[in-house]
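I opened this model to go through its confidence, core, ring pairs and charged side chains. My notes are in the order in which I looked things up.

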Amino acid sequence: MKTPRSLSVIVLLLGNCVTPTTLRPELQGLATVAVVSIHGSHDVGIVNTTPGGFAVGDGVGEQAIELMQGDTATFVEGLFGQGHVLLPATAMTSKKYDQVPEALPPEDWSQVDRILAVDVANERTPAALAALARDLDVDASVVIRHEWWMTQERYELVRMVYLYDRCTILVVDRDGTVLWRQVAMPRLPARALWGVQLQFGLNGADSVSEARTLARETARLAYAELTQAFKALPPSPPSAAVRTRTPPPLLDSDALPSP
């Protein structure tokens, strides 16, 4: 029986950008994975706040990532099983960790617990993630990125504000094969802004709190969408990756007594 080919679709995003989605059945057979990075855009671009200054440098994305550490661990463990996932704190102990390409400029991305913001588009990233997986003795490395932003949609008297999350997952096995690359992009409405509110502004603290909550909720929606895609894959046998830290079994000749 032939092995099912990877599933490939094209996801249309904002503008003319297209991102290919790769989903390979081998994902179902991974025994252990390491979450190398969970990072997000530092800001979400809060709009129409008073006093001004929140449009740049609001730090909401950084705060959301800090709150989402448990959500992300639960998401990945839901895919691969409890006890089969190494978290970033463990991945960072490897000397190969700093060799993974970093997203630039670094100030645009969260720095929670000094976790690396991985450049998911760099052509060197899969090979670096594979080397890290081998050093950690796991079947694959996992990177999760959240890119949040807010937009307004105008109507006659009302403007609706929405918060988007462009969530990217990248899973690379220890041989450098990209097993999973997918983008989920949920959105949630923030609030209706009436003309009088636009004129006099909104309370800055309330906007930050609301945006932080929405960022976390959109991330959960993205995780739910990615989980559905994972579970829709056909079953695959367990990974046959060669373990590097388990000694090989004794050969028959080794078991014989010395003459």
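**Entry 1: ground rules.** I am working on a predicted model, where local features need pLDDT of at least 70, side-chain atom pairs count only at pLDDT 80 or more, and totals for chains, interfaces and linings use all residues. Residues are numbered from 1 along each chain as its sequence is written, and side-chain values use heavy atoms, with hydrogens and water left out.

**Entry 2: confidence.** I looked up pLDDT, the predictor's confidence in each residue, from 0 to 100. The protein has a mean pLDDT of 82, with 74% of its residues at 70 or more. I noted that residues 48–56 stay under 50 in pLDDT, and that the model gives them 19 contacts beyond four places in sequence. Residues 192–202 also have pLDDT below 50, with 25 contacts in the model beyond near neighbours in sequence. A contact here means heavy atoms within 4.5 Å. Where pLDDT is low, the predicted coordinates should not be read in detail.

**Entry 3: the core.** I took a nonpolar core as a set of buried Ala, Val, Leu, Ile, Met, Phe, Trp, Tyr and Cys residues joined through side-chain atoms within 4.5 Å. Buried is under 20% relative accessible area, exposed is over 50%, and partly exposed is in between (1.4 Å probe, protein chains only). The largest such core has 63 residues, and the members that touch the most others are Leu27, Phe80, Ile144, Trp148 and Trp180. Elements giving two or more residues to this core include α2 (69–80), β6 (140–154), β7 (158–173) and α6 (204–231). The largest share is that of α6, with ten residues. Helices (H or I, at least four residues) and strands (E, at least two) are DSSP runs, numbered from the N terminus.

I then listed what leucine 27 touches, leaving out residues up to four places away in sequence: Phe80, Val171, Leu179, Trp180, Phe230 and Leu233.

**Entry 4: ring pairs.** Rings of Phe, Tyr and Trp (its six-membered ring) pair if their centres lie within 6.5 Å; planes under 30 degrees apart count as stacked, over 60 as edge-to-face and the rest as tilted. I found four aromatic pairs in the structure. Phenylalanine 80 and phenylalanine 230 are edge-to-face, at 5.4 Å centre to centre with 75° between the planes. This pair links helix α2, which holds phenylalanine 80, to helix α6, which holds phenylalanine 230, across 150 residues. Both phenylalanine 80 and phenylalanine 230 are buried.

Tryptophan 149 and tyrosine 164 are stacked, at 5.3 Å centre to centre and 0° between the planes. Tryptophan 149 is in strand β6 and tyrosine 164 in strand β7, 15 residues apart. Tryptophan 149 is partly exposed at 21% relative accessibility, while tyrosine 164 is buried at 14%. I also noted a cluster of Phe80, Trp180 and Phe230, linked by ring pairs.

**Entry 5: salt bridges.** I counted a salt bridge where a side-chain nitrogen of Lys or Arg is within 4 Å of a carboxyl oxygen of Asp or Glu. The whole structure has six salt bridges. Arginine 24 and glutamate 26 form one of them, 3.0 Å from N to O. Arginine 24 is partly exposed at 24%, and glutamate 26 is partly exposed at 28%.

Aspartate 137 bridges to arginine 174, with the closest N and O atoms 3.7 Å apart. Aspartate 137 is in the loop between α4 and β6, and arginine 174 in the loop between β7 and β8, 37 residues apart. Both aspartate 137 and arginine 174 are buried.

Arginine 166 and glutamate 147 form a salt bridge, their closest N and O atoms being 3.2 Å apart. Arginine 166 lies in strand β7 and glutamate 147 in strand β6, so the bridge ties together parts 19 residues apart in sequence. Arginine 166 and glutamate 147 are both buried.

Entry 6: Glutamate 62 is in helix α1 (residues 60–67). Beyond four places in sequence, glutamate 62 touches Ser41, His42, Trp109, Ser110, Gln111 and Val112.

**Entry 7: threonine 21.** I placed threonine 21 in strand β2 (residues 18–23). Threonine 21 is buried, at 4% relative accessibility. Threonine 21 and leucine 179 are 158 residues apart in sequence and 9.9 Å apart in space, C-alpha to C-alpha.
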